[in-house]
Amino acid sequence: MLNHQIYELQIELPCKVRGKPSVRVSRSSRAPNRGYFDPKYKQYCGLVGMLLRKQYPHQTIDTNFEIEVEFLFKNLKNGKPDLDNCLKSLLDILQDARIISDDRFCTAIQAKKIHGSEKHGMNIWLKTTSNI
């Protein structure tokens, strides 16, 4: 019987995302089949990953897991950023910070954007689950 673990991470972000929060912002002429990250966005992801890693002193999750996340925004213009882009970015950050070993182990996602928050940030809950 697998013992399920639930981990809660909360982060208040010092600023909004700088650069576009998408996996590939444009194509490089040196590698036309691969995109690249905007340098400001990459720096932002590194900062967020470092802040999250400080809160997570456990081993990397290398089994199936579920994630629930609330993305907090002071204000949203035209509904941007898209929720799916926020989620993709977060999963990449969690993987780069070695909180999860691979986002392919994610078996369930519950995500929402909260507009009108007092701060920019995220509330994240990770729950390990049985291997399927």
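Tutor: The model is a predicted one. Its largest nonpolar core has 28 residues, and those with the most contacts inside it are Leu 52, Ile 67, Leu 90, Ile 124 and Leu 126. Two or more residues each are given to this core by strand S1 (6–12), helix H1 (39–55), strand S4 (65–73), H2 and strand S6 (121–128). Helix H2 supplies the largest share, six residues.

Apart from neighbours within four places in sequence, Leu 126 is in contact with Gln 5, Ile 6, Tyr 7, Leu 9, Ile 61, Phe 65, Glu 66, Ile 67, Leu 94 and Ile 99. One of these partners, Ile 67, is itself listed with Leu 126 among the residues with the most contacts inside the core.

Helix H2 also holds Ser 89. Ser 89 counts as buried because its relative accessibility is 9%, under the 20% cut-off. The Ser 89 side chain reaches the backbone oxygen of Asn 85 at 3.0 Å.

Next comes the loop between helix H2 (83–96) and strand S5 (106–115), where Arg 98 is found. Arg 98 has a relative accessibility of 59%, over the 50% cut-off, and therefore counts as exposed. The phi of Arg 98 is near 60 degrees, a positive value in a residue other than glycine. Thus Ser 89 counts as buried, whereas Arg 98 counts as exposed.

Definitions and conventions
Residues numbered from 1 in each chain as written. Predicted model: local features only at pLDDT ≥ 70, side-chain atom pairs only at ≥ 80, totals over all residues. Heavy atoms only, no water. Helix = DSSP H or I, 4+ residues; strand = E, 2+ residues; numbered from the N terminus. Buried < 20%, exposed > 50% of the residue type's maximum accessible area, 1.4 Å probe, protein only. Core = buried A, V, L, I, M, F, W, Y, C linked by side-chain atoms within 4.5 Å. Contact = heavy atoms within 4.5 Å. Polar contact = N/O pair within 3.5 Å; in protein donor to acceptor, adjacent residues only side chain to side chain.
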